Amino acid sequence: IDEVKDRICPISLGVGSHFTVKVDEKVYEVHVAPVKFVKMYGAAFQRGETVEIVGVVTSFQGVDAILPREIRRGNQGLVFRDEKGRPIW
């Protein structure tokens with residue numbers, strides 16, 4: 001994880017939790033979930049943390065993005081969307 005920030009999400013238009021990751025020298029913005037849901041889930045992401053993301057790679061407003069279904073770190077797996085990509089919040 002390169003950068004973590006909570007901000008107005010251009011997709012949901014609410015305050016969302018986002019972070020950026022670099023994969024093969026390409027930077028992606030990860031649209032995790034609304035901040036309220038992330039906090040309720042007890043999840044917190046830190047710069048420098050290594051994560052594995054299962055989700056959809058897309059582009060939104062010219063920015064490469066990932067909509068994660070699951071984010072894994074170590075033995076912990078956090079699910080944010082169902083198998084069809086629908087948010088679970």
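Phenylalanine 80 has 0% relative accessibility in this predicted model, so this residue counts as buried, the cut-off being under 20%.

A search of the whole structure finds five aromatic pairs. In one of them, the ring centres of phenylalanine 37 and phenylalanine 80 lie 6.2 Å apart with the planes at 70°, so the arrangement is edge-to-face. Phenylalanine 37 belongs to helix α1, residues 35–41, while phenylalanine 80 sits in the segment after β6 (76–79); the pair therefore ties together parts that are 43 residues apart in sequence. Phenylalanine 37 counts as buried too, because its relative accessibility is 11%.

Tyrosine 41 also pairs with phenylalanine 80, again edge-to-face, with 5.4 Å from centre to centre and 70° between the planes. Since tyrosine 41 lies in helix α1 and phenylalanine 80 in the segment after β6, this contact links parts that are 39 residues apart in sequence. Tyrosine 41 has a relative accessibility of 32%, so this residue counts as partly exposed. Taken together, Phe37, Tyr41, Phe80 and Trp89 make up one aromatic cluster.

Phenylalanine 80 also takes part in the nonpolar core. In soluble globular proteins, nonpolar side chains tend to be buried together. Here, the largest nonpolar core has 16 residues, and those touching the most other members are Phe19, Val21, Val32, Val38, Phe45, Ile71 and Phe80. At least two residues of this core come from each of β2 (15–23), β3 (26–34), α1 and β5. Strand β3 gives the most, with four residues. A closer look at phenylalanine 45 shows how such a residue is surrounded: leaving aside residues up to four places away in sequence, phenylalanine 45 touches Ile1, Val4, Phe19, Val32, Val38, Ile71, Arg73, Leu78 and Phe80.

Strands β5 (residues 63–73) and β6 run antiparallel and are joined by four bridges. Across this pairing, arginine 72 stands opposite glycine 77 in β6. The hairpin of β5 and β6 has two residues between the strands, and glycine 74 adopts a positive phi near 60° there.

Along the principal axes, the C-alpha trace spans about 30 × 30 × 25 Å. Of the 89 residues, 35% count as buried. Contacts across the sequence complete the picture: among those between residues at least 6 apart, 37% join residues at least 24 apart. The protein exposes about 5,600 Å², of which carbon and sulfur atoms supply 51%.

Methods
Residues are numbered from 1 along each chain as its sequence is written. This is a predicted model: local features need pLDDT of at least 70, side-chain atom pairs count only at pLDDT 80 or more; totals for chains, interfaces and linings use all residues. Side-chain values use heavy atoms; hydrogens and water are left out. Rings of Phe, Tyr and Trp (its six-membered ring) pair if their centres lie within 6.5 Å; planes under 30 degrees apart count as stacked, over 60 as edge-to-face and the rest as tilted. Buried means under 20% relative accessible area, exposed over 50%, partly exposed in between (1.4 Å probe, protein chains only). Two strands pair if DSSP finds at least two bridges between them. A nonpolar core is a set of buried Ala, Val, Leu, Ile, Met, Phe, Trp, Tyr and Cys residues joined through side-chain atoms within 4.5 Å. Contact means heavy atoms within 4.5 Å. Accessible areas come from the Shrake-Rupley method with a 1.4 Å probe; for residues, only the protein chains shown count as cover.
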